[in-house]
Amino acid sequence: GIEQSLHDQPEVRTRLMRTIGGVANNLGHYEIADPLLSKALESQRRLLGGNHQDLASTLLALGWSAFWQGDLDRSLQHFEESVRVLEASGLQTDRVGLSARSAVGLLRLKAGDLDGSRIVLERMLEDTESAFGPDDPLVSDALLYLGHLRLQQGRDDEAVPLFERATEIREELFGPEHQQWAFAAVGLGTSLRVAGDYEEAQSLLSRSVDVFENAYGPEHPALAQALAVQANITRDQGDYETAIRQSQRAIGILKKRFGADHEELTWILRALAVTYLRADNLMEAHAAALESVRVAHVPPPAGTLERARSQALLGFIEYRLEEYEKARSLYEESLATSLLSVRPDDRNLRLVYYNLGCLDALGGEVDGALRWLDKAMQAGYDGDYIFDDPDLDPLRGHPTFERMVREVKRRRAG
């Protein structure tokens, strides 16, 4: 209708499609937003050329539409093209340019490129504070994404103040009932959960769930993410039944809106599998972990770090089911996929090393077992399983193994 009624006014038609598409995008109606924004982009290329700020803005909107639909490959392409357009125009430090750069940093984080993400986000934060001051909403974007980066790096103590500052900025600018506050509060709640402050984390997530539902309705992906984070907190508080319901609701939202292959399902299904494990429901845990690995391999695949973590969890469950060769294969795949790209003391990495050591010990490969356990120790292993794990019985009495046991006791004591 827009194209026909304004056929002789291409500039007006383009602006109208861009505006309506942007509103639909903000409300989560991506099936409306995508075609309108794509047509607006095509028209802008004809009318404005290849290096105009309006073109970059539309690319940024399309990038976010793709992001929420779980198409991270297309999302990153749009974000990076937006940055290139603004760099060619000399506008890389205006608001659209800074926003596009922060989005690129987030997508690199999602893809498991932690160092690339850090470089982009730290530079963007510095440029934003220089241009607009320390309390600008774009500063809160950079702080929020850097907080998630620190969590992925295992630097949990550094994540909390970043999330706190992002939440403070957004509460001051938008108020505590706005969805922008809720996005930051979900990050803060995630970091507080890791720090063990479950009560405050649960409070933040409960409020965020309400904010998202009031702002977007009951089927928005942001609501699904908040419910999934809340489920992790609920699980850590020991209420497995409620945690499972919260996870299943999050999964249901994403599957209903976007189908069974949405990228966010990778970690949400993995978290559900962990809850089933805690509840001693090994078969349901296996089913959830298996689906998580399947989603992680759907083209374009989920970030390699997410895929590696799902492979490692499924490997652990196969181990528990005494499917030792399947477990070994999954552990080795997780190392080859991406786990080796994270910091050397990553918790998932040291557990993979430990369990590979157990597998070798079960198979009578003493030297191999000790090598894997030495890698686990170098990665900071300090779990108490090593004291009485029957799978390690073939190593007990070996001088190297006994030194490891003494070192773990020392680490746990101090």
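In this predicted model, the largest nonpolar core contains 92 residues, and those with the most contacts inside it are Leu 143, Phe 212, Ile 268 and Ile 317. Helix α8, which spans residues 137–152, supplies the largest share of this core, with 9 residues. Another core lies apart from it and has 28 residues, including Leu 349, Tyr 353, Tyr 354 and Val 405. In soluble globular proteins, nonpolar side chains tend to be buried together.

The surroundings of Leu 143 were examined with its neighbours within four places in sequence left aside. On this basis, Leu 143 is in contact with Leu 125, Leu 162, Arg 165, Ala 166 and Ile 169.

Helix α5 (residues 72–89) and helix α6 (residues 95–110) have axes that come within 9 Å and cross at roughly 145°. This crossing of α5 and α6 is left-handed. Among the residues of α5 that meet α6 are Leu 72, Leu 76, Phe 79 and Val 83, while the α6 side includes Val 96, Ala 100, Val 104 and Leu 107. By class, the contact of α5 with α6 has 10 nonpolar, 3 polar and 4 charged residues.

For helix α17 (residues 324–337) and helix α18 (residues 347–362), the axes come within 10 Å and cross at roughly 145°. The crossing of α17 and α18 is left-handed. On the α17 side, the residues in contact include Tyr 324, Ala 327, Tyr 331 and Leu 335, and on the α18 side they include Leu 349, Val 352, Tyr 353 and Leu 356. The contact of α17 with α18 consists of 10 nonpolar, 2 polar and 3 charged residues.

Methods
Residues numbered from 1 in each chain as written. Predicted model: local features only at pLDDT ≥ 70, side-chain atom pairs only at ≥ 80, totals over all residues. Heavy atoms only, no water. Core = buried A, V, L, I, M, F, W, Y, C linked by side-chain atoms within 4.5 Å. Buried < 20%, exposed > 50% of the residue type's maximum accessible area, 1.4 Å probe, protein only. Helix = DSSP H or I, 4+ residues; strand = E, 2+ residues; numbered from the N terminus. Contact = heavy atoms within 4.5 Å. Axes fitted to C-alpha atoms, helices over the stretch in contact; angles between N-to-C directions. Left-handed = near helix turned anticlockwise from the far one by under 90°. Nonpolar A, V, L, I, M, F, W, Y, C, P; charged D, E, K, R; others polar.
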